[in-house]
Every structure is written in C-alpha cells, then in structure tokens.
Amino acid sequence: QRSRQHCTNRVFEAFSVPFIAENNMPRIAREYKECDQHEKSYQSQDAIFVARKRVVGGARQKPMRFTRSVGLGIKTPDAAIEGTYVDKKCPFTGNVAIRGRILKGLVISNKMKNTVVIRRDYLHYITKYRRFEKRHKNISAHCTPAFNVKEGDVVTIGECRPLSKTVKFNVIAHEAAVNAKAGKKTFRTF
C-alpha cells in the first residue's frame with residue numbers, strides 16, 4: 001500500500017515538468033510547445049490535437065508530441081522527442097515505417113532540403129581476370145531535422161516506402177566524421 005502511494009505521488013510530480021525520464025522509460029512531452037513555423041501553412045503534427053481541454057482528476061494524460069520507436073534496436077534521438085520540428089517523412093515523428101534493407105554509407109552531399117546523398121563503395125569480381133574492381137553507388141535518403149548531418153559523416157539508412165522520385169531510404173542513425181580531411185571519393189567499405 002505504501003509503495004503504491006509513493007508511485008502515485010511521483011506521477012503527479014511528473015505533470016509539472018515538461019519531459020519525464022525515469023527507470024529507462026521514454027521521455028514524453030507533457031506541455032505543448034509551438035512547432036517550428038518555416039512554411040506558409042501552419043505546421044502541426046497530425047496525431048496531436050492542440051486545443052484539447054485539461055483532464056480533471058488523475059486520469060492518464062496523452063503526450064503533446066507524437067514520437068515512436070522505429071524498432072530494430074535503433075534508439076530514438078533526443079532531438080526527436082524534445083524538439084519542435086514537424087516532418088511527416090521522419091521515421092521517429094512522422095508517418096513512415098522502416099522495413100527492408102538497413103545500409104551504412106558516407107554522406108557526400110547535404111545541399112538539398114532534408115535530403116542527403118550517400119556513397120556506398122563495394123568490390124565487383126571479374127571472373128575472366130580473377131580480380132576485383134572498385135565500384136560505388138549513390139543513394140538519396142531523407143534526413144530528419146533530428147540529425148545534424150555534415151559531409152563526411154557516416155550514417156545508417158533504412159529502407160521505407162518511396163518518399164519521392166529518387167528517395168526510398170531514411171536516415172535512422174548518425175556518426176560524426178572521424179577523418180574530415182579524407183576526400184569524398186576515397187574508397188571506404190562499412
């Protein structure tokens with residue numbers, strides 16, 4: 001009985017802070033923060049109703065920001081949980097499921113808006129000469145605002161539904177560049 005009372009006190013204390021993180025539970029937004037407004041139309045998440053009324057009593061309150069786990073052992077970034085951006089193509093806060101291939105590659109361009117170009121190097125065997133030749137493929141991938149990706153960084157991308165004509169992958173993890181001086185076209189396998 002005593003431990004149960006202690007738990008309910010902790011729940012009421014959690015309503016006063018904007019985010020809770022306790023016993024490896026995911027942090028969730030309790031208060032509404034205005035979303036980033038960079039477009040002509042009003043930006044808000046589809047799953048959140050901004051003008052809801054307050055709940056009277058100790059009823060369970062829904063979070064004010066929609067986030068989810070991608071699965072596959074991939075951690076949801078803090079910027080996705082605590083951020084204010086709106087991106088419907090984000091795998092953590094939008095309507096995109098990651099399924100299929102999981103690949104790793106080197107970012108060679110981030111000039112597009114929310115899209116990066118990833119270079120993947122591989123070896124191709126030539127039977128006649130019994131030798132390998134170097135080849136590469138460039139893949140366009142959607143990059144959520146939760147990641148601050150620069151050229152030379154190594155990213156993990158996951159396959160999703162087609163997001164545009166050329167984009168069929170989404171960035172799900174990011175590692176900062178170790179050797180920034182190495183050129184874009186140096187041969188690296190992951």
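**Entry 1. Strand pairing around β4**

I began with the strands and found that β1 and β4 pair in the antiparallel sense over 5 bridges. The model I am reading is a predicted one. Within this pairing, I noted K104, whose bridge partner in β4 is T156. I then turned to the other neighbour of interest and found that β4 and β5 also run antiparallel, joined by 6 bridges. Here I recorded that G158 stands opposite N170 in β5.

I asked myself how many of the residues of β4 are buried. I found 5 of its 6 residues buried, so β4 is largely enclosed by the rest of the structure. For this step I kept in mind that a residue counts as buried under 20% relative accessible area.

**Entry 2. The chain as a whole**

I next listed the elements. The chain has 2 helices and 5 strands, and from the N terminus on I read their order as α-α-β-β-β-β-β. The chain has 190 residues, of which 31% count as buried.

I102 and E159 are 57 residues apart in sequence, yet I read a C-alpha to C-alpha separation of 6.4 Å in space.

Is I102 buried, partly exposed or exposed? I recorded I102 as partly exposed, because its relative accessible area is 41%, and this value lies between the 20% and 50% limits. I then listed the contacts of I102, leaving aside neighbours within four places in sequence: they are L72, T156, I157, G158 and I172.

**Entry 3. The hairpin of β1 and β2**

I moved on to β1 and β2, which run antiparallel and are joined by 4 bridges. In this pairing I saw L106 opposite R119 in β2. The two strands form a hairpin with 2 residues between them, and in this hairpin N114 takes a positive phi near 60°.

N114 is not a glycine, although its phi is positive. I placed N114 in the loop between β1 and β2. With a relative accessible area of 30%, N114 is partly exposed.

β2 and β3 run antiparallel, and I counted 12 bridges joining them. One of the positions I checked was V117, whose bridge partner in β3 is S140.

Which residue in the turn of this hairpin has a positive phi? I found R130, with a phi of about 55°, in a hairpin that has 4 residues between its strands. R130 is a residue other than glycine, and its place is in the loop between β2 and β3. I recorded R130 as exposed, because its relative accessibility is 67% and the limit for that class is over 50%.

I then examined the interior. In soluble globular proteins, nonpolar side chains tend to be buried together. The largest nonpolar core of this model has 26 residues, and I noted that V116, I157 and V171 touch the most other members. I found that β1 (102-112), β2 (115-126), β3 (131-142), β4 (154-159) and β5 (169-175) each supply at least two residues of this core. Which element gives the largest share of the core? I found that β5 does, with 3 residues.

Beyond its neighbours within four places in sequence, V171 is in contact with P91, F92, V116, A141, H142, C143, F147, V155, T156 and I157. I noted that V116 and I157 are among them.

L123, Y125, F132 and F187 make a nonpolar surface patch of about 410 Å². I located F187 in the segment after β5. I classed F187 as partly exposed, because its relative accessible area is 31%.

Methods: Residues are numbered from 1 along each chain as its sequence is written. This is a predicted model: local features need pLDDT of at least 70, side-chain atom pairs count only at pLDDT 80 or more; totals for chains, interfaces and linings use all residues. Side-chain values use heavy atoms; hydrogens and water are left out. Buried means under 20% relative accessible area, exposed over 50%, partly exposed in between (1.4 Å probe, protein chains only). A nonpolar core is a set of buried Ala, Val, Leu, Ile, Met, Phe, Trp, Tyr and Cys residues joined through side-chain atoms within 4.5 Å. Contact means heavy atoms within 4.5 Å. Patches are made of residues with over 30% relative accessible area and no salt bridge: like charges are joined within 9 Å, nonpolar side chains (Val, Leu, Ile, Met, Phe, Trp, Tyr) within 5 Å. Accessible areas come from the Shrake-Rupley method with a 1.4 Å probe; for residues, only the protein chains shown count as cover. A salt bridge is a side-chain nitrogen of Lys or Arg within 4 Å of a carboxyl oxygen of Asp or Glu. Two strands pair if DSSP finds at least two bridges between them.
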